[in-house]
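Notebook open, structure loaded. I'm jotting down what I look up as I go.

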Amino acid sequence: MPDWWPPVEINPRDLSLERLVGYYLDFGVVFENPGPLLKGLAVTLSLAALAEVVGIVLGLFLALLKIARSRLLSLPAQIYIDVFRGTPLLVQITIIYFTTAAVGVRFTSLFFAGLTALSLNSAAYVAEIFRAGIQSIDKGQMEAGRASGLTYAQTMRYIIVPQAFRRVIPPLTNEFVTLIKDTSLVSVIGLAELLRAARVLQSATFNGTPLIAAALIYLAICLPLIYLTNVLERRLNRRTAA
């Protein structure tokens, strides 16, 4: 047998129900010192909200470039989307914070470094959401706009994009849920978001309950948004069918 086998060692004496409850469900540890988790939660929500806003703006711009007829415009957008969707977010965060100083870009704020990475990553996914939404609009809408004397840009601005935006609200909400969970990856650079705050408290108390509390907080935020997404999708499907 190889030296690393078995991959998991289990001590039956440590598997008592009392020990498991005391180590993972002792919420008194959290209630006695809630400050770090609350501050971490504020950082997490701020990161997710700001990254979503930046991601929507940049993503819409990328989507418009990708569907452009000119390859000079569509190719760079396609490359950007492929790179950021095809590589792990954790790798992107690590590169942006730990290596960019060598080329003259130095982040003095952990929050801004994390926000930059999350925004750039989110924009790639949002771009695909907007592209699909725009291309789902009937081509007759564009033809009607051009026939009424509007330019291509005006037709996109006043007719196509507003209709597409309504259609992409459910997937954008779903992307926001993903973004909230992805903020936990920023802990790798030392930013005190929710996961890192829970990890610090767990190390200080030698108790796993803070991590369970962090997981429950993520769940309390994401589950309502997931249900909201489902409701919005059903309403959109009913309107489309009608």
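**Entry 1: the charged cluster**

Which side chain meets that of Glu-128 in a salt bridge at 2.5 Å, N to O? I looked it up, and the partner is Lys-66. For the record, a salt bridge here is a side-chain nitrogen of Lys or Arg within 4 Å of a carboxyl oxygen of Asp or Glu.

Before going on, a note on what I'm looking at: this is a predicted model, where local features need pLDDT of at least 70, side-chain atom pairs count only at pLDDT 80 or more, and totals for chains, interfaces and linings use all residues. Residues are numbered from 1 along each chain as its sequence is written, and side-chain values use heavy atoms, with hydrogens and water left out.

Glu-128 sits in helix H6 (residues 110–135) and Lys-66 in helix H3, so this pair ties together parts that are 62 residues apart in sequence. Helices are DSSP runs (H or I, at least four residues), numbered from the N terminus.

I then checked the other partners. Glu-128 also forms a salt bridge with Arg-85, with the closest N and O atoms 3.7 Å apart. That one links distant parts of the chain too, since Arg-85 is in helix H4 (residues 71–86), 43 residues from Glu-128. A further salt bridge joins Arg-131 to Glu-128, closest N and O atoms 3.4 Å apart. Arg-131 and Glu-128 are three residues apart in helix H6, so about one helical turn separates them. The structure holds three salt bridges. Shared partners join Lys-66, Arg-85, Glu-128 and Arg-131 into one network.

**Entry 2: buried or exposed?**

My cut-offs are under 20% relative accessible area for buried, over 50% for exposed, and partly exposed in between (1.4 Å probe, protein chains only). Glu-128 is buried at 13%, and Lys-66 is buried at 18%. Arg-131 is partly exposed at 21%, and so is Arg-85 at 39%.

I also listed what surrounds Lys-66. Leaving aside neighbours within four places in sequence, Lys-66 is in contact (heavy atoms within 4.5 Å) with Ser-74, Ala-77, Gln-78, Ile-81, Glu-128 and Arg-131.

**Entry 3: the nonpolar cores**

Which residues have the most contacts inside the largest nonpolar core? I get Leu-37, Ile-180, Leu-194, Ile-221 and Leu-225, in a core of 16 residues. By nonpolar core I mean a set of buried Ala, Val, Leu, Ile, Met, Phe, Trp, Tyr and Cys residues joined through side-chain atoms within 4.5 Å. Helices H3 (35–66), H9 (169–182), H10 (194–205) and H11 (209–241) each supply at least two of its residues. H11 gives the most, with six.

I zoomed in on Leu-37. Not counting residues up to four places away in sequence, Leu-37 touches Val-30, Leu-194, Ala-197, Ala-198, Leu-201 and Ala-213. Another core of 15 residues lies apart from the largest one, and its members include Leu-47, Leu-89, Leu-118 and Leu-179.

**Entry 4: rings**

My search of the whole structure turned up five aromatic pairs. One of them is Tyr-97 with Phe-98, edge-to-face at 5.0 Å centre to centre and 80° between the planes. The criteria: rings of Phe, Tyr and Trp (its six-membered ring) pair if their centres lie within 6.5 Å, with planes under 30 degrees apart counting as stacked, over 60 as edge-to-face and the rest as tilted. Tyr-97 is partly exposed at 26% relative accessibility, and Phe-98 is partly exposed at 49%.

**Entry 5: the ends of H7**

Last stop was helix H7 (residues 139–147). At its start, a side-chain oxygen of Asp-138 reaches to within 2.7 Å of the backbone nitrogen of Gly-140. H7 is followed by Gly-149, where I read a positive phi near 105°.

Terms used: Polar contact = N/O pair within 3.5 Å; in protein donor to acceptor, adjacent residues only side chain to side chain.
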